[in-house]
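Good morning, and thank you for making the time. I would ask everyone to have the sequence and the model open while I speak.

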Amino acid sequence: MKVKMLSRNPDNYVRETKLDLQRVPRNYDPALHPFEVPREYIRALNATKLERVFAKPFLASLDGHRDGVNCLAKHPEKLATVLSGACDGEVRIWNLTQRNCIRTIQAHEGFVRGICTRFCGTSFFTVGDDKTVKQWKMDGPGYGDEEEPLHTILGKTVYTGIDHHWKEAVFATCGQQVDIWDEQRTNPICSMTWGFDSISSVKFNPIETFLLGSCASDRNIVLYDMRQATPLKKVILDMRTNTICWNPMEAFIFTAANEDYNLYTFDMRALDTPVMVHMDHVSAVLDVDYSPTGKEFVSASFDKSIRIFPVDKSRSSKYIMCGSDEMNIRLWKANASEKLGVLTSREKAAKDYNQKLKEKFQHYPHIKRIARHRHLPKSIYSQIQEQRIMKEARRRKEVNRIKHSKPGSVPLVSEKKKHVVAVVK
C-alpha cells in the first residue's frame, strides 16, 4: 500500500518578523509558467467576447457632429457621397469610401428639418427652424471665398420637410401646407392643403414624377398631382404616420411608417386596405427608405432598432441593434461577420491561436455561455425563433386573461383585430 503525504515547512513561507518581505513560491523550470492556464483562459475568454462583438455587421461610425443627426440625403449620382443635417443647424458632406467629412456648413439657426439634393447632383437644398429655404453648391467655395448659399427664401412658417423633383428644376416643401417651388422664383408656384394640421413629410414619386405624397399630424396620408390644383386622395389611419417612401420600381406602391409600431404598404389605386402590413417593431416607426431594387426596404424605430423588410413579407428577415442617441452616423453591412480581404500571415496565426484556445476552454461555464449563439449574435434572431417567442407570449397572455376574468365573460371564439383604414376621395 502506498501512502502520499503533503508536508509544509513553515520556514519556506512564514516571515520571522513583520518587517520581512512575503516569501513567494517560485517555479524555476523555464519550460513551465506558473500561471500558464489562467493566462490562456483569459485569452480564450477575450477571443470569444470579441467574436460576439464583431459578429454584428457594423462597419464604421462617422463622427463629427456636435448635436444629434436629424436628417440624411443621398447623392443621386455618387454612391459614396452622403449629406447629413444636425439639430444645431450644421450640414456635413461625407465620403463613405474614405469615411471622413469633406465639407461642413453652418446652414441654419436651430434644427435642420430637411435636406435633399438636386436631380443632377450639382446642388442641394435645406430647410430649418429659421423659416428659410436655402440652396447650396455641392462643391466647396474657391480659395478665399466665403461659404454662402446660392439662393435663400424666407417663408412665413417653419418648414418641416423638403424634396426635389426627379427630372425638373422644381422642389416641394411642407409645413402648414404643401408648396411647389420653382428654383428661379421666391414665391411658390402653387400651394395645396387638405385640413389644418401640420405636415411632417413630403416625397416625390420617382417614376410618375408629377405625383407626390405627404403625411400630416391628423393621421392622414394625402396624395397630390402637380397638374391639378387640388389634392387627389386621402387615407386616414388609426395613428399618426411619420413619413412615407415610394417604391422606385413600382410607380403606385408606397410604404408608410406609423406610430402604431407597424409599416403599411399601399397601392394608391386601391387605398381601402393596405397591400401588406409589416410588423416586428415594438415602438413607433420613425423613418423608412427603399433599396434601389425595390425588393426590400429598411425602417428605423424609436426602439433603437433598424430592420430590413422584404416587400412581400410581413416580418423582417433580419434586424440590427443600433443606438442612435449619439452624435454620429453609423454604417452597416447586411451580411458581414468576417474581415474583408486577404489575411496576413500574422493575422492568420493569431486567428488560429485564438481558435485553438476557444476549443481548449469551450466547456468552461463563462465561455460556453457567451459562445452558445455561434451563428447568430445575441441581438440578431431568426424569423422562426421570433415567431415562436411571440406565439408563446400570446398564449401566456390569453391564459392570464382567462384566469383573472369573471365567469361567463370570456368569449368562446376570439376575433382577430383587423387593420381598418378610411379612404376619402
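I shall begin with the overall content and then turn to the sheets, the cores and the aromatic residues.

A word on the source: this is a predicted model, in which local features need pLDDT of at least 70 and side-chain atom pairs count only at pLDDT 80 or more, while totals for chains, interfaces and linings use all residues. Residues are numbered from 1 along each chain as its sequence is written, and side-chain values use heavy atoms, with hydrogens and water left out.

The secondary structure comes to 4 helices and 27 strands; helices (H or I, at least four residues) and strands (E, at least two) are DSSP runs, numbered from the N terminus. Of the 425 residues of the protein, 38% count as buried. Buried here means under 20% relative accessible area, exposed means over 50%, and partly exposed lies in between, with a 1.4 Å probe and protein chains only. Among contacts between residues at least 6 apart in sequence, 46% join residues at least 24 apart, a contact being heavy atoms within 4.5 Å.

Let us take the sheets. Two strands are said to pair if DSSP finds at least two bridges between them. In general, strands of a sheet pair through backbone hydrogen bonds, either parallel or antiparallel.

Why is strand β8 (residues 132-137) described as largely enclosed by the rest of the structure? The reason is that 5 of its 6 residues are buried. Strand β7 (residues 123-128) pairs with β8 in the antiparallel sense over 5 bridges, and the two form a hairpin with 3 residues between them. Lys131, in the turn, has a positive phi of about 65°. Across this pairing, Ser123 stands opposite Lys137 and Phe125 stands opposite Gln135. Towards β9 (residues 151-154), β8 is joined by 4 bridges, again antiparallel, and there Gln135 stands opposite His151.

Another open sheet of 4 strands has the order β10-β11-β12-β13, and its pairing is antiparallel. Its edge strands are β10 (161-164) and β13 (190-192), each pairing on one side only. Here neighbouring strands are turned by 20° against each other on average, direction ignored. Strands β11 (residues 170-174) and β12 (residues 178-182) run antiparallel and are joined by 5 bridges, with Asp182 as the bridge partner of Val170.

I come now to the cores. A nonpolar core is a set of buried Ala, Val, Leu, Ile, Met, Phe, Trp, Tyr and Cys residues joined through side-chain atoms within 4.5 Å. The largest has 15 residues, and those with the most contacts inside it are Ile221, Ile244, Phe254 and Phe266. At least two residues of this core come from each of β15 (211-216), β16 (220-225), β18 (241-246), β19 (253-258) and β20 (263-267). Apart from it lies another core, of 13 residues, among them Val170, Ala172, Val178 and Val222. Not counting residues up to four places away in sequence, Ile244 touches several residues, including Ile221, Phe254 and Val288.

Finally, the aromatic residues. The structure holds 11 aromatic pairs; rings of Phe, Tyr and Trp (its six-membered ring) pair if their centres lie within 6.5 Å, with planes under 30 degrees apart counted as stacked, over 60 as edge-to-face and the rest as tilted. Phe361 and Tyr364 form an edge-to-face pair, 5.1 Å centre to centre with 65° between the planes. Phe361 is buried at 2% relative accessibility, whereas Tyr364 is partly exposed at 36%. Phe125, Tyr159, Phe171 and Trp181 form one aromatic cluster.

Which residue lies over the face of Phe210? That is Arg227, at 3.4 Å from the ring centre; the criterion is NZ of Lys or CZ of Arg within 6 Å of the ring centre and within 35 degrees of the ring normal. Arg227 is found in the loop between β16 and β17 (233-236) and counts as exposed, at 60% relative accessibility.

Terms used. Axes fitted to C-alpha atoms, helices over the stretch in contact; angles between N-to-C directions.
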